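Here is a short report on selected local features. The model comes first, then the notes.

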Amino acid sequence: MGPTRGFPRGNILLILLLWCGGSSGLYFPQSDYFETVYVGQPAGTPVLQVISMLDNSNERPHFYLCFSSTGAPPYLRWFHLDVHTGVLHLNKSLEESDFALLLGMGRSRTIRSQRTNPEGKRPVTVRKLLLTAMVLNRANSRTQCGRQHARLSLTFVNETVPPCGGDHGLQQLCFPSRAPPTPHIMENRLAGPVQQLRRLPLLNMCPSYNVSYSVESDVPVPFTVNERTSELEVTAPLDRDEVELYRLVLVCSVLTGETLTKYETSLEVSVFDEDDNAPFLNGNDSVEVVVEYNRDKGALLATHSVFDRDITPKYPKEPRQNRYVGTMLTIDQWTNETFTVTSTFKEDKSLFGNIRGTVFEYTLALKRNLYVTENRTVQVDYLVNDTTYPGPEGSVLLRYNITILPVPISFNNTTYQFTVSRRASTYALVGRVCVENCLRFQGIGVAYRLEVADRNATAEALACHAALDVTQSLRDMTGVLYVNASAALRRAECRDLQYVVTAQEEGGPLQASTQILLVLEGEAGRAGRQEQRALSCSESRQRLDCEITSGLGATNGRCQWRQGTEK
């Protein structure tokens with residue numbers, strides 16, 4: 001049948017959605033299907049075949065076209081899905097008036113786009129029309145669709161079918177121009193058909209061509225082609241822990257008379273995971289934990305690793321995917337208030353023979369700061385449960401044996417000695433004091449204070465001792481000694497000065513003291529006449545100005561020029 005005048009030639013793309021519903025294990029191994037139909041194809045023409053794989057031998061798939069709550073589109077009646085075979089047929093002969101109907105439909109039913117045909121002569125109109133269908137394990141009369149689906153995209157061409165061996169060519173008889181998506185097969189399921197390889201509408205129009213298929217692979221694979229139905233079949237249940245992705249070569253042989261022509265295409269088949277492996281430890285179930293210098297809230301103390309050969313999605317959608325739950329078993333109130341266990345997981349291939357698996361990490365952490373006097377031994381038991389694993393070995397017990405050691409507050413040195421220039425400016429750094437292991441402290445606060453060693457010192461002596469003070473470092477638990485009063489350093493009566501520095505545990509009773517001897521270097525007296533005063537050495541932009549300036553923090557009383565190119 002030729003085209004009717006008044007209607008532009010073009011393509012219409014129909015998309016049919018097939019949904020799996022109910023509580024059975026039926027599923028579509030192929031998520032998308034593509035095929036082309038033409039004006040003039042008679043009723044009963046097979047278009048394509050959808051296939052559902054079985055969860056168990058008692059299941060019997062039933063296929064139905066269905067639609068959403070918005071109602072059935074008018075073109076639904078053009079197609080019929082065989083309830084038992086899953087073969088989609090034309091329910092009527094396709095006419096040019098049907099093509100015109102599609103062009104006149106509103107945007108609520110279609111999605112329109114424009115492209116140019118291969119000859120570049122005229123625009124081609126494409127409309128995506130959505131239909132849905134479902135597969136159930138029982139006969140069904142309802143039309144409400146389920147959740148999981150496979151999508152069928154049919155391109156409706158406003159032309160008659162090209163002659164066999166013409167524009168389509170022999171290769172088009174074998175494989176569609178658009179490669180189908182990667183099929184997926186759930187592991188541990190029954191063997192059976194995966195995909196229909198024949199292009200049903202073309203072969204139906206070209207019965208004189210003998211087309212057959214076979215599977216090739218560099219290694220043995222559990223796949224074959226059913227010679228009678230041309231269906232790609234899996235011959236045995238698959239184990240994703242052994243092979244996660246199969247790479248096949250499909251060979252299509254076309255026999256025309258005495259001429260045999262072969263074409264090849266590649267196909268990858270993905271094996272989907274389910275929770276069929278128990279969690280396990282790669283070593284001891286106990287870890288020894290010593291808490292000493294890091295007593296900070298949130299401190300990570302020790303990590304247990306749990307391994308699972310299955311994949312763990314971040315947001316599991318299927319009932320048989322990994323779901324892990326952890327529980328702290330201790331009933332001791334102090335332990336529960338002090339410790340927690342955090343968990344993370346990641347995929348890893350190197351540990352599981354180049355097949356993706358999961359590594360869970362359970363890290364013991366502090367929920368609060370600990371006092372330096374805390375001294376005890378506790379045990380934390382943590383139960384990890386793979387809730388979706390069907391066997392009795394779905395749990396592992398992790399144990400943290402914790403020893404909390406007290407931290408003494410004491411000085412290694414009985415006396416510190418520091419030297420400072422009499423010309424040093426205010427805030428010049430003199431040195432640092434540190435209680436034993438203070439650089440390792442985390443979550444332990446230490447406050448330092450400075451006192452005159454001689455409690456009976458005269459007012460004149462106290463004025464000299466005002467030269468030095470101590471403050472807490474912002475970076476660690478050291479005490480920073482700095483020049484507090486530069487004028488006292490220059491006084492002749494101020495000579496070597498003795499102090500007592502005391503370190504006090506913040507929030508606790510522990511403290512320790514040690515002596516400091518401050519030796520003053522240089523001649524006493526006032527600053528030179530050429531010396532200029534400045535708040536900061538960085539105020540000087542020229543070297544000469546810089547080197548005659550006395551700025552805050554200058555250790556010898558004069559700023560030092562630092563040559564550089566940076567602004």
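Leu-552 lies in the segment after strand 32 (549-550); helices (H or I, at least four residues) and strands (E, at least two) are DSSP runs, numbered from the N terminus. At 40% relative accessibility, Leu-552 is partly exposed (buried is under 20% relative accessible area, exposed over 50%, partly exposed in between, with a 1.4 Å probe and protein chains only).

This is a predicted model: local features need pLDDT of at least 70, side-chain atom pairs count only at pLDDT 80 or more, and totals for chains, interfaces and linings use all residues. Residues are numbered from 1 along each chain as its sequence is written, and side-chain values use heavy atoms, without hydrogens and water.

## Disulfides

The structure holds 4 disulfides (cysteine sulfur pairs within 2.5 Å). One of them joins Cys-174 and Cys-252, with sulfurs 2.0 Å apart. The S-S torsion is -70°, left-handed. Cys-174 sits in helix 2 (residues 169-174) and Cys-252 in strand 15 (residues 245-256), so the link ties parts 78 residues apart in sequence. Cys-174 is buried at 0%. Cys-252 is buried at 0% too.

Another disulfide joins Cys-537 to Cys-559. This link is left-handed, at -85°. Cys-537 lies in the loop between strand 31 (532-533) and helix 7 (543-547), and Cys-559 in the segment after strand 32, 22 residues apart. Cys-537 is partly exposed at 23%; Cys-559 is buried at 4%. Cys-546 is in no disulfide; its nearest cysteine sulfur, that of Cys-559, is 5.0 Å away. Cys-546 is buried, at 4%.
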